[in-house]
Amino acid sequence: MERLLRFSFEHARVIRLMYTQPDGRLRQVNATVIAYDDEHVDFVTTRSPRTVTIPMNALLSADFKRGDDGTV
């Protein structure tokens with residue numbers, strides 16, 4: 001996951017994230033990572049552009065968005 005977060009952050013590329021919301025529901029979004037560290041991830045969603053901050057332990061998975069092979 002670290003590699004994909006870094007890829008999105010360094011190249012301003014959209015990736016797919018799956019995370020747990022505070023109420024326990026799962027959420028999947030396409031987003032661009034704008035900041036991250038050992039404790040939090042900040043990203044901007046693509047569908048309804050807004051900035052979201054989640055704890056790193058709420059992040060379940062990160063993947064390339066559909067159709068992206070990860071080349072720069």
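Trainee: How much accessible surface does the protein chain have, and what share belongs to carbon and sulfur atoms?
Mentor: About 4,700 Å², with 48% of that belonging to carbon and sulfur atoms. Keep in mind that this is a predicted model.
Trainee: OK, and what percentage of the residues count as buried?
Mentor: Of the 72 residues in the protein chain, 33% count as buried.
Trainee: Which secondary structure elements are there, and in what order?
Mentor: The protein chain has one helix and five strands, and along the sequence they read α-β-β-β-β-β. The radius of gyration is 11 Å, close to the 11 Å from the globule rule for 72 residues, so the chain is as compact as a globular protein of that length.
Trainee: What does the C-alpha trace span along its principal axes?
Mentor: About 35 × 25 × 20 Å. As for contacts between residues at least 6 apart in sequence, 42% of them join residues at least 24 apart.
Trainee: Let's go inside. How many residues are in the largest nonpolar core?
Mentor: That core has 17 residues, and those with the most contacts inside it are Leu5, Ile15, Leu17, Val41, Phe43 and Leu59. At least two core residues come from each of α1 (2–11), β1 (15–20), β2 (26–36), β3 (40–45), β4 (51–55) and β5 (59–64).
Trainee: Why would nonpolar side chains gather like that?
Mentor: In soluble globular proteins, they tend to be buried together.
Trainee: Take Phe43, then. What does Phe43 touch?
Mentor: Leaving out residues up to four places away in sequence, Phe43 touches Leu17, Tyr19, Val29, Ala31, Thr32, Val33, Ile34, Arg50, Thr51, Val52 and Ile54.
Trainee: Where is Thr45?
Mentor: Thr45 sits in strand β3, and it is buried, with a relative accessible area of 5%. The side chain of Thr45 reaches the backbone oxygen of Ser48 at 2.8 Å. Setting aside neighbours within four places in sequence, Thr45 is in contact with Val29, Asn30, Ala31, Arg50 and Val52.
Trainee: Switching to charges: how many salt bridges are there?
Mentor: The count comes to two salt bridges. In one, Asp63 pairs with Arg16, and the closest N and O atoms are 2.7 Å apart. Asp63 is in strand β5 and Arg16 in strand β1, 47 residues apart, so this pair links distant parts of the chain.
Trainee: How accessible are Asp63 and Arg16?
Mentor: Asp63 is partly exposed at 34% relative accessible area, and Arg16 also counts as partly exposed, at 24%.
Trainee: Which residues make the other salt bridge?
Mentor: Asp23 and Arg25, with the closest N and O atoms 2.8 Å apart. Both Asp23 and Arg25 are exposed.

Conventions:
Residues are numbered from 1 along each chain as its sequence is written. This is a predicted model: local features need pLDDT of at least 70, side-chain atom pairs count only at pLDDT 80 or more; totals for chains, interfaces and linings use all residues. Side-chain values use heavy atoms; hydrogens and water are left out. A nonpolar core is a set of buried Ala, Val, Leu, Ile, Met, Phe, Trp, Tyr and Cys residues joined through side-chain atoms within 4.5 Å. Buried means under 20% relative accessible area, exposed over 50%, partly exposed in between (1.4 Å probe, protein chains only). Helices (H or I, at least four residues) and strands (E, at least two) are DSSP runs, numbered from the N terminus. Contact means heavy atoms within 4.5 Å. A salt bridge is a side-chain nitrogen of Lys or Arg within 4 Å of a carboxyl oxygen of Asp or Glu. A polar contact is a pair of N or O atoms within 3.5 Å; within protein, one must be able to donate a hydrogen and the other to accept it, and residues adjacent in sequence count only if both atoms are side-chain atoms. The radius of gyration is taken over C-alpha atoms; the globule rule is 2.2 Å times the number of residues to the power 0.38. Accessible areas come from the Shrake-Rupley method with a 1.4 Å probe; for residues, only the protein chains shown count as cover.
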